[in-house]
Amino acid sequence: MNNSTDSTRVQQILHILDETYGREYVCYLNHETPWQLLIAVILSAQCTDERVNIVTKDLFVKYPSLEAFANANPKELEKDIYSIGFHKNKSKNIIGCANKLIKNYNGIVPNTMEDLLTLDGVGRKTANVILGNIYNIPSIVVDTHVKRISRRLGFTSSTDPTIIEKDLMSVLPKEHWILYNIQIITFGRNICYARNPKCNTCPLNKLCNSKDKTI
């Protein structure tokens, strides 16, 4: 174990994150059902949560059930989600995912990584969002913020999301996996930017040895 992943330092970082951002489980994608969250996460690839929430506000009214998505006209759905980007691929994946959920899982979003990965448009990141947010199963979501900040903190040296996920699982206590995801997203959006991070107001400044530090 190197100094960056020393258990005392890790606990100090997690304590500061808890004190700064709280321990409440928050999901930034609006949804009322597990399948709505699944579709929202598929839509969120290479797109902001804010934009997804704008689109799904009307989308989930127009398509109020899994069956509605399963039977959607691909071209029409493409138009409905056009502003999100990658609309053709996402339209295809959403329709395919809805059909598999109905056919293979009786319309119920599965609660295992293995089953979730059988669905169209679902990779480990999307599956982990579902496991953590819907089923409260400890999971680590490696999004752009978690990837960048975990490297800056020295929790991983990899750029591969799968390796980063494994590294974080070995460094962080299991009971903090979901919270870490939530806290780091907020931290990344407000302070630890990809460019010009606000190091002068960063609560982790003294514990960070990143070459990107600006102060």
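This is a predicted model: local features need pLDDT of at least 70, side-chain atom pairs count only at pLDDT 80 or more; totals for chains, interfaces and linings use all residues.

Trainee: How are the rings of Y63 and F69 arranged: stacked, tilted or edge-to-face?

Mentor: A search of the whole structure finds six aromatic pairs. For Y63 and F69, the ring centres are 4.8 Å apart and the planes meet at 25°. Planes under 30 degrees apart fall in one class, so this pair is stacked.

Trainee: Are these two residues buried or exposed, and which aromatic cluster includes them?

Mentor: Y63 has a relative accessibility of 5%, and therefore counts as buried. F69, at 0% relative accessibility, is buried as well. The aromatic cluster that contains them is formed by W35, F60, Y63 and F69.

Trainee: Which ring does the charged end of R189 sit over, and how far is that charged end from the ring centre?

Mentor: A charge has to be within 6 Å of the ring centre, and within 35 degrees of the ring normal, to be assigned to a ring in this way. The charged end of R189 sits over the ring of Y28, and its distance from the centre of that ring is 4.8 Å.

Trainee: How many salt bridges are there, and what is the closest N and O distance between R23 and D18?

Mentor: Side chains of opposite charge can pair when their charged atoms come close. The count for this model comes to eight salt bridges. One of them involves D18, which is buried with a relative accessible area of 16%; its partner is R23, and the closest N and O atoms of that pair are 2.7 Å apart.

Trainee: E165 and R124 also meet in a salt bridge; which parts of the chain does that pair tie together, and how many residues apart are they in sequence?

Mentor: The side chains of E165 and R124 meet with an N to O distance of 2.7 Å. E165 lies in helix 10 (residues 161–171) and R124 in helix 8 (residues 124–133), so the pair ties together parts whose separation in sequence is 41 residues.

Trainee: Which residue does R152 form a salt bridge with, and is that partner buried, exposed or partly exposed?

Mentor: The closest N and O atoms of this salt bridge are 3.1 Å apart, and the partner of R152 is D212. The pair links distant parts of the chain, with R152 in helix 9 (residues 144–152) and D212 in the segment after helix 11 (177–190), 60 residues apart. R152 counts as buried at 9% relative accessibility, whereas D212, with a relative accessible area of 32%, is partly exposed.

Trainee: Which residues does L77 contact, leaving aside its neighbours within four places in sequence?

Mentor: With neighbours within four places in sequence set aside, the contacts of L77 are L59, Y63, F69, A72, S91, I94 and I95.

Trainee: What is the phi of N106, and where does N106 lie?

Mentor: Most residues other than glycine have a negative phi, and most peptide bonds are trans. N106 is not a glycine, yet its phi is positive, near 55°. N106 counts as exposed at 70% relative accessibility, and its place is in the loop between helix 6 and helix 7.

Trainee: Is H145 buried or exposed, and which side chain does the side chain of H145 join in a polar contact?

Mentor: H145 is found in helix 9 and is buried, with a relative accessible area of 15%. Not counting residues up to four places away in sequence, H145 touches S150, I184, I185, G188 and R189. The polar contact, at 3.0 Å, joins the side chain of H145 to that of R148.

Definitions and conventions. Residues are numbered from 1 along each chain as its sequence is written. Side-chain values use heavy atoms; hydrogens and water are left out. Rings of Phe, Tyr and Trp (its six-membered ring) pair if their centres lie within 6.5 Å; planes under 30 degrees apart count as stacked, over 60 as edge-to-face and the rest as tilted. Buried means under 20% relative accessible area, exposed over 50%, partly exposed in between (1.4 Å probe, protein chains only). A salt bridge is a side-chain nitrogen of Lys or Arg within 4 Å of a carboxyl oxygen of Asp or Glu. Helices (H or I, at least four residues) and strands (E, at least two) are DSSP runs, numbered from the N terminus. Contact means heavy atoms within 4.5 Å. A polar contact is a pair of N or O atoms within 3.5 Å; within protein, one must be able to donate a hydrogen and the other to accept it, and residues adjacent in sequence count only if both atoms are side-chain atoms.
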